[in-house]
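Colleague: I'm new to this one and would like a guided tour. Could you show me how to read its features, one at a time?

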Amino acid sequence: MEKREIKSILIDYKSPAELDDKLQKLVEEAKKAAETAYAPYSKFNVGAAVLLENGEIIQGNNQENAAYPSGLCAERVAIFYANSKYPNTAIKSIAVTAFTQEGFIKEPIPPCGSCLQVMLESENRHNNNIQVILYAENKLTIADSISQFLPFNFNKEMLK
Ligand code: THU
């Protein structure tokens with residue numbers, strides 16, 4: 001028996017003011033995206049903003065449905081749209097945040113497993129790490145790659 005320890009590195013900041021202008025804008029775009037989410041059931045409005053290598057920012061938000069599983073998370077709405085509009089353009093960063101009836105979340109929320117898997121595919125497809133920026137009022141957490149969340153992941157290499 002051999003035990004394997006897998007480490008992840010996440011970097012915390014106090015506020016977006018500590019980030020460069022481009023990333024501050026990305027966080028702002030994620031916050032704006034949350035405003036137009038369709039989340040009447042959970043009342044948990046999530047916003048995502050994707051920064052492409054061509055400099056364009058694409059927003060997405062969660063889209064819920066009375067048939068609950070038919071809805072989609074903000075991250076996947078943004079990433080699928082980015083990859084459908086620019087199939088050959090890598091995603092550099094994604095900012096994610098959310099608000100409830102009590103205002104913006106206080107602590108960062110990590111993307112769900114399905115969204116992480118979709119982001120991982122996008123990284124592999126374009127051979128480019130995606131930086132993840134999780135904004136909350138009290139803290140901002142940054143990871144330099146999806147592998148920080150999914151260090152032991154299923155990918156196309158396993159289909160060989
Ligand atoms: N949600 C997201 O949009 N992104 C996540 O990473 C986690 C959850 C949405 C799905 C649903 O509309 C609501 O948040 C509550 O789960």
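Modeller: Let's start with ring pairs: rings of Phe, Tyr and Trp (its six-membered ring) pair if their centres lie within 6.5 Å, and planes under 30 degrees apart count as stacked, over 60 as edge-to-face and the rest as tilted. Here such pairs link Phe-99, Phe-104 and Tyr-135 into a cluster. Before we go on, note that this is a predicted model, where local features need pLDDT of at least 70, side-chain atom pairs count only at pLDDT 80 or more, and totals for chains, interfaces and linings use all residues. Residues are numbered from 1 along each chain as its sequence is written, and side-chain values use heavy atoms, leaving out hydrogens and water.

Colleague: How many aromatic pairs does a search of the whole structure find?

Modeller: The search finds 3. In one of them, the ring centres of Phe-99 and Phe-104 are 5.4 Å apart with the planes at 70°, so that pair is edge-to-face. Phe-104 also forms an edge-to-face pair with Tyr-135, at 6.1 Å centre to centre and 75° between the planes.

Colleague: Which strands hold Phe-104 and Tyr-135?

Modeller: Strands (E, at least two residues) and helices (H or I, at least four) are DSSP runs, numbered from the N terminus. Phe-104 is in strand E5 (residues 103-104) and Tyr-135 in strand E6 (residues 131-135), so the pair links distant parts of the chain, 31 residues apart.

Colleague: Is Phe-104 buried or exposed?

Modeller: Buried means under 20% relative accessible area, exposed over 50%, and partly exposed in between (1.4 Å probe, protein chains only). Phe-104 has 18% relative accessibility, so it counts as buried. Tyr-135 is buried too, with a relative accessible area of 9%.

Colleague: Which charged end sits over the ring of Phe-104?

Modeller: A charge sits over a ring if NZ of Lys or CZ of Arg is within 6 Å of the ring centre and within 35 degrees of the ring normal. For Phe-104 the charge belongs to Lys-31, 5.2 Å from the ring centre. Arg-4 does likewise over the ring of Phe-152, at 5.3 Å from its centre.

Colleague: Now a helix. Why does the span of H2 agree with its number of residues?

Modeller: The expected span is 1.5 Å times one less than the number of residues. Helix H2 (residues 74-85) has 12 residues and should therefore span 16 Å, and its end C-alpha atoms are 17 Å apart, which agrees.

Colleague: Which residues of H2 are buried?

Modeller: Ala-74, Glu-75, Arg-76, Ala-78, Ile-79, Ala-82 and Asn-83. As a general idea, an α-helix has 3.6 residues a turn, so residues three or four places apart point the same way. What covers the buried residues of H2 includes strand E2 (45-52), strand E3 (57-61), strand E4 (91-100) and helix H3 (113-126).

Colleague: Which side chains have a polar atom by an oxygen atom of the ligand?

Modeller: A polar contact is a pair of N or O atoms within 3.5 Å. Asn-62 has a polar side-chain atom 2.9 Å from a ligand oxygen, Glu-64 has one at 2.5 Å, and for Glu-75 the distance is 2.7 Å.

Colleague: And what about phi?

Modeller: Most residues other than glycine have a negative phi. Lys-43 has a positive phi of about 55° although it is not a glycine. Its place is in the loop between helix H1 (21-35) and E2, and at 39% relative accessibility Lys-43 counts as partly exposed.

Terms used
Contact = heavy atoms within 4.5 Å. Polar contact = N/O pair within 3.5 Å; in protein donor to acceptor, adjacent residues only side chain to side chain.
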